[in-house]
Amino acid sequence: MHEYFIQNISYHKDEVVKLKGWVYNLRKSGKIWFLILRDGTGIIQCVVTKNDCDEASFDLKDVLTQESSVMVTGKVIADERADGGYELIAHKVELVSIAGEYPITKKEHGIEFLMDQRHLWLRSKRQHAIMRIRHTIIKSIRTFFDQRDFTLVDTPIFQKGATEGTATLFETDYFDDKAYLTQSGQLYAEAAAMALGKVYCFGPTFRAEKSKTRRHLTEFWMVEPEMAYYDLDMDMDLAEDMISYIVAEVLMNRRLELETLERDITKLEAIQKPFPRIHYDDAIKLLQARGVDVQWGDDFGAPHETIIGEAHESPVMVHHYPSAIKAFYMKRDPADSKYALAVDMLAPEGYGEIIGGSQREDDYDLLVERMREEGMDPANYDWYLDLRRYGSVPHAGFGLGVERTVAWICGLSHIREAVPFPRTMSRLTP
Ligand code: 4AD
Ligand code: MG
């Protein structure tokens, strides 16, 4: 059996092929009509005339509707004027299923309408481009870690407690007990790093984000590498290498899709190592110098991240945040315990935080102290404390949010288009 796809059509010039897909558009003009066919891999114009094709096929022009499914057999012809450089001279058009009146038309639709039709909206050119770039980003992340001998370790989605604070936990019944949906696989990735050295987990994570912003989903995908014997600098080196690799892979493999999205490619080409590394204190000074009302000790919100990120062409790594505004597991700087050995990577062009990471607290007593400060009960994390009881070592890791990365690389104005079926505070369907 041979399958033919539009994306490979140039290999079949002057051959007769059978394409299977859907009607993207129809244009009729008397003795000739044009079926714009999409098959998921691309779009091609099929020319239908009585000369080249049987009568039943020709008469389908009065029946076919947008998104009806059809199979077209015909000859591949090179034509400079055609979109993509090729068209098909149809010999036969076979109807598979007639589509009812399609809700998404050529006219402008509002975003909420399109989101309600997300299951159909995914059939559009723009959404194809985003999904393919997302695919390439995920694939490049996996290749990146694979090439560096990381082991993939899957972490549980049902968890007993919080990793990133109790405010955003999703609670669920668990037989006679309660469980929470994972906010992060990190604590388990730490256990795996003590077992295997260099690991990563990659999966969906859940946060009951009550804020409606262009950067927050309630369900998002996160990749979290964790490395034994790594300090903060090594962690930042890895994050920078990974982002550079992802951007290079997208630029190499997804040019057409970036063009479809009208992405300013020069902005992505400008991303070069080394990325600026800015101490939190200097980030505060930078903000104050721009007239922002912010004090030492404040956490950064989206407007702050935008200003810091916009000051540079490459992503920026802000490190040494005050430990009081960072998670319990982050190691405090032995030189000055006001600071955590933490890093956030902020994307350019106002996209804000894409990575959060740190060196981890590897001292048992200090970790218990930090848990108590955060109002956590160390007894609930006994298995995690075992990692400090049995052969504790310096280690570090980070988490990259996939949808924020997709939104930034694709140049999307909102994160909801960066995932096939977004979940937000106000959206659980489709
Ligand atoms: O900074 P966060 O909360 O870090 C962690 O979860 C650590 N446990 C990671 C680690 O060190 N292993 O989240 C990491 C990243 C953010 O930088 C952001 O890109 C993304 O996850 N993220 C979200 N993306 C979409 N919607 C949300 N609500 C997100 N919250 C975080
Ligand atoms: Mg963070």
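Helices here are DSSP runs of H or I with at least four residues, strands are E runs of at least two, and both are numbered from the N terminus. With that settled, I looked up the protein chain and found 13 helices and 18 strands.

**Ground rules.** I am working on a predicted model, where local features need pLDDT of at least 70, side-chain atom pairs count only at pLDDT 80 or more, and totals for chains, interfaces and linings use all residues. Residues are numbered from 1 along each chain as its sequence is written, chains are lettered from A and ligands numbered from 1 in the order in which they are written, and side-chain values use heavy atoms, with hydrogens and water left out.

**Whole chain.** I get a C-alpha trace that spans about 85 × 55 × 40 Å along its principal axes. Of the 430 residues, 52% count as buried (under 20% relative accessible area; exposed is over 50%, partly exposed in between; 1.4 Å probe, protein chains only). I also checked contacts (heavy atoms within 4.5 Å): among those with a separation of 6 or more, 66% come from residues 24 or more positions apart.

**Two domains.** The assignment gives domain 1 (6–97) and domain 2 (118–418); such bounds come from an automatic or database domain assignment. Their centres, taken over C-alpha atoms, are 46 Å apart. I see eight residues of domain 1 in contact with four residues of domain 2.

The two domains bury about 500 Å² between them, and carbon and sulfur atoms give 43% of that (buried area is the accessible area, 1.4 Å probe, that two parts lose on being put together, summed over both). On the domain 1 side, Tyr-24, Arg-38 and Gly-40 lose the most area to domain 2, together 58% of what that side buries.

**Salt bridge.** I found one across the interface of domain 1 and domain 2 (side-chain nitrogen of Lys or Arg within 4 Å of a carboxyl oxygen of Asp or Glu). I also noted that the side chains of Arg-123 and Glu-67 form a salt bridge, 2.9 Å from N to O.

I went through the cis peptide bonds next. One runs from Lys-273 to Pro-274, with omega near -5°, and Pro-274 sits in the loop between α8 (265–269) and β12 (277–279). Another joins Thr-429 and Pro-430, omega about -5°; Pro-430 is in the segment after α13 (402–410).

His-320 has phi near 60°, lies in the loop between β13 (316–319) and β14 (332–333), and is buried at 15% relative accessible area. Glu-349 has phi of about 60° in the loop between β16 (342–347) and β17 (352–359), and counts as partly exposed at 29%.
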